[in-house]
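Here are a few notes from going through this one. Have the structure open while you read.

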Amino acid sequence: MSGTDISASSTVKERADLALNNEFLRQAVRFTTERLRSGKMTAAEQHGNWEEWRERGRQIRLHTIAHLDYYLNLFADNARANGVHVHFADTAQEAVNISLQIAERKKAHTVVKSKSMVTEELHLNHALESIGVEAVETDLGEYIIQLAGETPSHIIIPAIHKNRYQIAELLSVEAGETLPADTAILAGFVRRKLRQKFLEADIGMTGCNFAVAETGSMVLFENEGNARMVTTVPKTQITLMGMERIVPTWADLEVMATLLPRSATGQKLTVYMSGITGPRREEDADGPEEMHIIIVDNGRSLQLGDPEFQELLNCIRCGACLNACPVYRHIGGHAYGGTYSGPIGAVLTPALNKNVAEWDDIANASSLCGACYEACPVKIPLHEMLIYLRRRKVENGHGSKLESLGMKGFAAVMAKSGRFNGMLKLGKWGQKLVVRDGGIKVKLGPLKGWNSYRIAPSLPKKSFRDGWRTLEEEIRHGLKDMDPAVKSRMEAAIKKRAEGASHSHER
Amino acid sequence: MRVSLFITCMSDAIYPRVGEAMVRLLARYGVQLDFPKVQTCCGQPAFNSGYWEEARTTAKTILEAFDGSDFVISPSGSCVGMIHHYPKLFEHDPVLHSKAIELQKKTYEFSQFLVHVLGVTDVGAAFPHRVTYHPSCHGSRLLGIKDEPMELMRNVKGMEFVPLPFAEDCCGFGGTFAVKMADISGAMVSEKSDHVKETEAEVLVGLDMACLMNIAGNLRYRNEPVRVMHLAELLYEGVKQA
């Protein structure tokens, strides 16, 4: 089953069910996320001061986004001074139009692309093809999914849902001969194939990991060297960047360069880190003659000033939250239905699309376990944002009628302990019909999903509150005096609290 | 000094034995828990599903119940975690907001209270069994409860502790998630049970009955003979045996 089939279904539940029945997908995703996740944990441990750097990263991102207008202007002014054509695009359509106009003006036939999630967000490849320009992905993973006619299912490992046998099949079609499922041979084939494309291409198109405001430079992190080719061989370079990619200084970039590769793959350093400050100068051996940077909004500025979602713009697109997510590991990326998947996608997709009702259901695809927040190198509270999304959906009247009714009933019962107790008594009476050996197996109503994987517990004869009077008697009877040491510790805790301290480790 | 038990609706209704073990164990230190009966549910099912108005209705029973308490102790990191959301939940009501902050400061999860307030890490228990431990997400990630249960278990005599592989992975409960996304939740809990089985433990212990109900339900569905207990139960049983 291909990923495209998965994306075509309508609700997250349906798409997830397709993925759950795809054993190849689940095995491939599990294998790679486990490798990346454990790599990240090892790298963080070896780093030694991970939590401090994480907090530093968060502060840099918070500061930058709080002053985004200033840093964007600074970046644009400096980039222009370096000879770069800087464009601002409010919408996806505007960004596409600017790109197509450049391609038309350059009479381009072929565009080589390095990995870029923002161009995926804009569906730029389709747009280029629509005016007869061939767009070739040159990141190995992106190349594979382009051949398969799919979209990336992971922010940094686009073809994570495929195993090497499936990849060998795809590449064999392209090669016109059967290639063995040997990674070195397969990569070698793609390398030769792409080399030709690099030499032919009229335009090199890139994304942007970070844009350094103080010098107007764009920075690319990559492992394959293809982005170097994309930015040195073709005569024209177009870089698309989300408007939040800014860091103020190169010193700040160092923090990001420490956090991102470790979080993404567990690497201490990315294999290639390129800082590009303008087009080719006379003394340069290579580089594009003309360079464009298109700064894309496309829903990002909607988060500015929103206290619950502004931190979304702090994301550095490392994918650590995907690798840590126990839901992602079972359903893969296509089940999320948008360009961005995993916990960040579940929040970012509705946010960029103005929280429209059709996207809100992906916020339900989370158990709110907080693994995403724990993994995030800039501490974005995604688990809380998911709750805010759900609340906004309810507030805007998009909640399910049945659920809304259920919640009203729940609140009515729980508003008074007497009602809760009455409900328990009713439950104890009613369960007699279904309890067998102290458990409930029947697959009916709300128990259908639960009991498809579990046996539900039955209610005991007495609830805690029913037995409280007896228990209290028993305790009062045998209670000894409080140990003076314990007592003084408790008094100290109360005193400390009065001074404003909190015992929690919570953020 | 008034030390109150926040039993949580789940332990109240389904697992009274957990509350009983807590009450009896703490009584050994001269700490007499009281049980304000107006408490019902912390409101988390409604809060997490986006129904904050409904969450406020039930959360008010908790604010009222523990208004005069000096300490509030609960057998669930997740429900204590919910109390940490109260200041946000009541941010537009100045009176309840300040009560919420007070409540957050004085509320402790069971193992936190034992270790940090009472200073107890060895309850003098013996439990000659092979045991593994599932750290629940909200307790460990959001409240930072990691070392406390480990310290308490390390001092239990005769107990063989086996680390659970991928212990920190969510069991798939997630409240209404287990109902709404039943198949994803089912895949997650099945994987958790696989890991429990790998340990060959006789007993699975934890600090949150919601997660333990989920895992126990799946283990039972698969006919795996693993006993599932809250740490308070294990410690109290161990104390009686010692």
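1. With 242 residues, what radius of gyration does chain B have, and why does that value agree or disagree with a compact globule? Keep in mind that this is a predicted model. Chain B comes out at 18 Å, and that agrees because a compact globule of 242 residues would be near 18 Å. Along its principal axes, the C-alpha trace spans about 50 × 45 × 25 Å.

2. On confidence, chain B looks like this: the average pLDDT is 97, and 100% of the residues score at least 70. For the complex, the predictor gives an ipTM of 0.97 and a pTM of 0.95.

3. Inside chain B you'll find 13 helices and 8 strands. Of its 242 residues, 64% count as buried. If you take the contacts in chain B with a separation of 6 or more, 77% of them come from residues 24 or more positions apart.

4. An unreviewed UniProt entry lists "domain: Cysteine-rich" for residues 3-83 and 131-215 of chain B. Over residues 3-83 the chain is 54% helix and 11% strand, with the end C-alpha atoms 17 Å apart. Over residues 131-215 the figures are 51% helix and 11% strand, and there the end C-alpha atoms sit 15 Å apart.

Key. Residues are numbered from 1 along each chain as its sequence is written. Chains are lettered from A and ligands numbered from 1 in the order in which they are written. This is a predicted model: local features need pLDDT of at least 70, side-chain atom pairs count only at pLDDT 80 or more; totals for chains, interfaces and linings use all residues. Helices (H or I, at least four residues) and strands (E, at least two) are DSSP runs, numbered from the N terminus. The radius of gyration is taken over C-alpha atoms; the globule rule is 2.2 Å times the number of residues to the power 0.38. A residue is buried if 20 or more other C-beta atoms lie within 10 Å of its own, exposed if 12 or fewer, and partly exposed in between; C-beta atoms are placed from the backbone. Two residues are in contact if their C-beta atoms, placed from the backbone, lie within 7 Å. pLDDT is the predictor's confidence in each residue, from 0 to 100. UniProt positions are given in the numbering used here, feature names are shortened, and annotations may be inferred rather than shown by experiment.
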